Amino acid sequence: APSRGLGDVYKRQCLTCLPAKQAKIFMMREFLELSSEEICQENQLSISNLHTTLYRARLQLQNCLSHKL
């Protein structure tokens, strides 16, 4: 459906608005499907810091998408 393609474009646009570290961590989790342990090791983060970063990234993406759609 065309609306899904448009949504994908908006998702990519919104990802570019995230701070670089948040975008990297979000993509490692959601697109590369790495485990929490792998992401923490790669980025020298604690598990709680990882969860906070992912939470903030999701909030920002949700906010961005709600304004675009």
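Me: Glutamate 30: buried, partly exposed or exposed?
Reply: Partly exposed, because its relative accessibility is 35%. Keep in mind that this is a predicted model.

Me: What does glutamate 30 form a salt bridge with?
Reply: Arginine 58. The closest N and O atoms are 2.7 Å apart.

Me: How many salt bridges in the whole structure?
Reply: The search finds one.

Me: OK, zoom out. What's the pattern along the chain?
Reply: It reads α-α-α-α. That is four helices and zero strands.

Me: How many of the residues count as buried?
Reply: 29% of the 69 residues.

Me: What about contacts across the sequence?
Reply: Take the contacts between residues at least 6 apart. Of these, 58% join residues at least 24 apart.

Me: Back to α2. Where is glutamine 22?
Reply: In helix α2, which spans residues 20–30.

Me: Is glutamine 22 buried or exposed?
Reply: Buried. Its relative accessible area is 12%, and the cut-off for buried is under 20%.

Me: What does glutamine 22 touch?
Reply: Thr53, Arg56, Ala57 and Gln60, leaving out residues up to four places away in sequence.

Me: New topic: which helices cross at roughly 100 degrees?
Reply: α3, residues 36–43, and α4, residues 47–68. Their axes come within 10 Å. At that angle they are therefore roughly perpendicular to each other.

Me: Which residues make that contact?
Reply: From α3, Ser36, Ile39 and Cys40. From α4, Ile47, Leu50 and His51.

Me: Which residues make the nonpolar patch?
Reply: Met27, Phe31 and Leu32 make a nonpolar surface patch of about 330 Å².

Me: Where does methionine 27 lie?
Reply: In helix α2. Methionine 27 is partly exposed, with a relative accessible area of 38%.

Key
Residues are numbered from 1 along each chain as its sequence is written. This is a predicted model: local features need pLDDT of at least 70, side-chain atom pairs count only at pLDDT 80 or more; totals for chains, interfaces and linings use all residues. Side-chain values use heavy atoms; hydrogens and water are left out. Helices (H or I, at least four residues) and strands (E, at least two) are DSSP runs, numbered from the N terminus. Buried means under 20% relative accessible area, exposed over 50%, partly exposed in between (1.4 Å probe, protein chains only). Contact means heavy atoms within 4.5 Å. Patches are made of residues with over 30% relative accessible area and no salt bridge: like charges are joined within 9 Å, nonpolar side chains (Val, Leu, Ile, Met, Phe, Trp, Tyr) within 5 Å. Accessible areas come from the Shrake-Rupley method with a 1.4 Å probe; for residues, only the protein chains shown count as cover. A salt bridge is a side-chain nitrogen of Lys or Arg within 4 Å of a carboxyl oxygen of Asp or Glu. Axes are lines fitted to C-alpha atoms, for helices over the stretch in contact, and angles run from 0 to 180 degrees between N-to-C directions. Angles under 35 degrees count as roughly parallel, over 145 as roughly antiparallel, 65 to 115 as roughly perpendicular and the rest as oblique.
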